[in-house]
Amino acid sequence: MPKAYLVAVPKVTNMDAFGKEFASKVANTIKHFDGRFLVRTPNKLVKEGDETTLTVVIEFPNKEKALGWYNSEEHQKIVVHRRANTDPKSTVVIVEESESY
């Protein structure tokens with residue numbers, strides 16, 4: 001099974017609330033699904049597209065684990081805080097490892 005990655009590039013509108021209610025809690029929710037952060041940083045160089053606040057990449061063993069985490073009760077309890085404190089146009093995608101497109 002190919003690995004899966006959640007890629008998020010949010011534009012945070014309230015960093016204090018985002019940090020307290022979502023960012024500080026999300027790491028504990030991915031552990032149960034064998035997820036691990038590969039990238040979690042505000043440092044970036046935007047070459048195309050809109051400026052965002054953060055770039056996050058979380059690796060999961062497969063798409064089922066990634067979707068299991070995303071839809072899990074523990075993630076859903078805190079994701080409302082991410083949504084409330086980021087621009088609604090922020091992007092979050094889950095992609096599978098692949099050599100072709």
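**Close-up views of a predicted model**

**View 1. S90 and its neighbours from elsewhere in the chain.** Setting aside residues within four places in sequence, S90 is in contact with V9, P10 and K11. This is a predicted model, so read every distance here as computed from the prediction. S90 sits in the loop between α3 and β4 (91–96). Is S90 buried or exposed? With a relative accessible area of 18%, S90 counts as buried, because the cut-off for buried is under 20%. There's a polar contact to look for as well: a polar atom of the S90 side chain lies 2.9 Å from the backbone nitrogen of K11.

**View 2. T91, in strand β4.** Step along from the loop residue S90 and you reach T91, which lies in strand β4. T91 comes out as partly exposed, at 39% relative accessibility. What does T91 touch, leaving aside neighbours within four places in sequence? The answer is V7, A8 and V9. V9 is also among the contacts of S90.

**View 3. Helix α1 from end to end.** Helix α1 takes in residues 15–31, 17 residues altogether. From first C-alpha to last, α1 reaches 24 Å, close to the 24 Å expected at 1.5 Å a residue. The buried residues of α1 are F18, F22, V26, T29 and I30. What do those buried residues pack against? Their partners are β2 (36–41), β3 (55–60), α2 (63–71) and α3 (73–84).

**View 4. The start of α1, with N14 and D16.** Zoom in on the beginning of the helix and you'll find a side-chain oxygen of N14 coming to within 3.3 Å of the backbone nitrogen of D16. D16 itself belongs to helix α1. D16 counts as exposed because its relative accessibility is 57% and the cut-off for exposed is over 50%. How far apart are D16 and N85 in space? Their C-alpha atoms are 9.0 Å apart, though 69 residues separate the two in sequence.

**View 5. T29 and what surrounds it.** T29 is another residue of helix α1, and at a relative accessible area of 5% T29 is buried. Which polar partners does the T29 side chain have? One is the backbone oxygen of V26, reached at 2.7 Å. Another is the side chain of W69, joined to the T29 side chain by a polar contact of 2.8 Å. Not counting residues up to four places away in sequence, T29 touches W69, E74, H75 and I78.

**View 6. The largest pocket.** How big is the largest pocket, by volume? It comes to about 240 Å³. There are 18 residues in its lining, and those nearest the centre are A8, F18, F22, V56 and R82. Two of these, F18 and F22, turned up above among the buried residues of α1, and A8 is one of the contacts of T91. The lining draws on several elements: β1 (4–9), α1, β2, β3, α2 and α3 each supply at least two residues. Which element gives the largest share of the lining? That's α1, with 4 residues.

Technical notes:
Residues are numbered from 1 along each chain as its sequence is written. This is a predicted model: local features need pLDDT of at least 70, side-chain atom pairs count only at pLDDT 80 or more; totals for chains, interfaces and linings use all residues. Side-chain values use heavy atoms; hydrogens and water are left out. The expected span of a helix is 1.5 Å times one less than its number of residues. Buried means under 20% relative accessible area, exposed over 50%, partly exposed in between (1.4 Å probe, protein chains only). Contact means heavy atoms within 4.5 Å. A polar contact is a pair of N or O atoms within 3.5 Å; within protein, one must be able to donate a hydrogen and the other to accept it, and residues adjacent in sequence count only if both atoms are side-chain atoms. On a 1 Å grid over the protein atoms alone, a cavity is a set of points where a 1.4 Å probe fits but cannot get out, and a pocket is an open set with protein on both sides within 12 Å along at least five of seven lines; lining residues have an atom within 4 Å of a point. Grid points are joined across faces, edges and corners, and a volume is the space filled by probe spheres set on the points.
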